[in-house]
Amino acid sequence: AKAKILIVDDEQHIVEAVQYNLEQSGFRTLVASDGTRALAAARRERPDLILLDWMLPEVDGLEVCRLLKQDPATTAIPIIMLTVKSDEVDKILGLEMGADDYITKPFSPRELMARVKTILRRTQAPPMAEVFEIDALRVDWGTHVVSIKGKVVELTSKEFELLRTL
């Protein structure tokens with residue numbers, strides 16, 4: 001089955017263009033037009049990737065990104081910021097808040113498809129066991145809980161993803 005991608009943007013013409021290109025490439029799509037709906041859809045649907053505009057009604061895209069990356073249930077979902085904010089400081093801030101990539105509008109649909117495919121190729125590893133245990137270390141991949149000798153170890157989303165990679 002092809003990957004499921006959540007498109008989050010309040011500009012209908014952008015959504016339609018992105019949705020068309022994704023579906024032509026065989027992807028399944030979901031759409032949210034504001035930050036509140038984006039958070040709910042991401043938590044409910046667990047998409048394989050999120051295309052996220054920064055300037056959204058309700059909750060802005062940067063805050064959506066931050067909240068999703070802090071939530072163990074959604075921290076592993078890759079996010080591509082797709083926004084008109086093109087200043088270097090904005091790009092750095094978006095990436096520091098947890099975005100995996102950053103594309104400025106206007107953008108090339110071919111470049112967007114290439115970046116989507118690259119991130120999905122990198123993040124869709126073969127499934128692993130839900131729980132990994134060795135000696136005193138226990139990692140529950142499904143709940144993102146790491147413990148040593150029964151004591152929970154607090155990890156940031158980046159630390160957890162690094163552990164998963166290793």
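Two strands pair if DSSP finds at least two bridges between them. The structure is a predicted model, in which local features need pLDDT of at least 70 and side-chain atom pairs count only at pLDDT 80 or more, while totals for chains, interfaces and linings use all residues. Residues are numbered from 1 along each chain as its sequence is written, and side-chain values use heavy atoms, with hydrogens and water left out. Helices (H or I, at least four residues) and strands (E, at least two) are DSSP runs, numbered from the N terminus.

**View 1. The open sheet of 4 strands, ordered β6-β7-β8-β9.**
The pairing in this sheet is antiparallel. Its edge strands are β6 (131-134) and β9 (151-153), each of which pairs on one side only. From one strand to the next the twist averages 20°; angles run from 0 to 180 degrees between N-to-C directions, and axes are lines fitted to C-alpha atoms, for helices over the stretch in contact. In a regular strand the side chains alternate between the two faces of the sheet.

**View 2. The hairpin of β6 and β7.**
β6 and β7 are joined in the antiparallel sense over 4 bridges. F132 has V139 of β7 as its bridge partner. The hairpin has 2 residues between the strands, and D135 takes a positive phi near 50°.

**View 3. The hairpin of β7 and β8.**
Strand β7 (residues 137-140) pairs with strand β8 (residues 145-148) over 4 bridges, again in the antiparallel sense. Two of the partners in β8 can be located by residue: D140 is bridged to V145, and L137 is bridged to I148. Between the strands of this hairpin there are 4 residues, and H144 takes a positive phi near 60°.

**View 4. The open sheet of 5 strands, ordered β2-β1-β3-β4-β5.**
Here the pairing is parallel. β2 (28-32) and β5 stand at the edges with a single partner strand each, so one side of each has no neighbour in the sheet. Neighbouring strands are turned against each other by 20° on average, direction ignored. Strand β1 (residues 4-8) and β2 run parallel and are joined by 5 bridges. V8 stands opposite A32 of β2. Helix α2 lies across β1, β2 and β3 (49-52), and runs at about 170° to β1.

**View 5. Helix α2 against helix α3.**
The axes of α2 (residues 35-45) and α3 (residues 61-70) come within 10 Å and cross at roughly 25°. That angle makes α2 roughly parallel to α3; angles under 35 degrees count as roughly parallel, over 145 as roughly antiparallel, 65 to 115 as roughly perpendicular and the rest as oblique. The crossing is right-handed, a term used if the near helix is turned clockwise from the far one by less than a right angle, anticlockwise being left-handed. From α2, the residues making the contact are G35, A38, L39, A42 and R43, and from α3 they are V64, L67 and L68. Contact means heavy atoms within 4.5 Å. By class, the residues of this contact are 6 nonpolar, 1 polar and 1 charged. Ala, Val, Leu, Ile, Met, Phe, Trp, Tyr, Cys and Pro count as nonpolar, Asp, Glu, Lys and Arg as charged, and the others, Gly among them, as polar.

**View 6. Helix α1 against helix α5.**
Helix α1 (residues 12-24) and helix α5 (residues 109-123) have axes that come within 10 Å and cross at roughly 55°. α1 is therefore oblique to α5. The crossing of these two helices, α1 and α5, is right-handed. V18, N21 and L22 of α1 meet P109, L112, M113 and V116 of α5 in the contact. Its residues divide into 6 nonpolar, 1 polar and no charged.

T83 is buried, with a relative accessible area of 0%; buried means under 20% relative accessible area, exposed over 50% and partly exposed in between, with a 1.4 Å probe and protein chains only. When neighbours within four places in sequence are left aside, T83 is in contact with D53, W54, Y102, I103, T104 and K105.

G98 is buried, at a relative accessible area of 6%. Not counting residues up to four places away in sequence, G98 touches C65, K69 and K158. The C-alpha atoms of G98 and S157 are separated by 8.6 Å, although the two residues are 59 apart along the chain.
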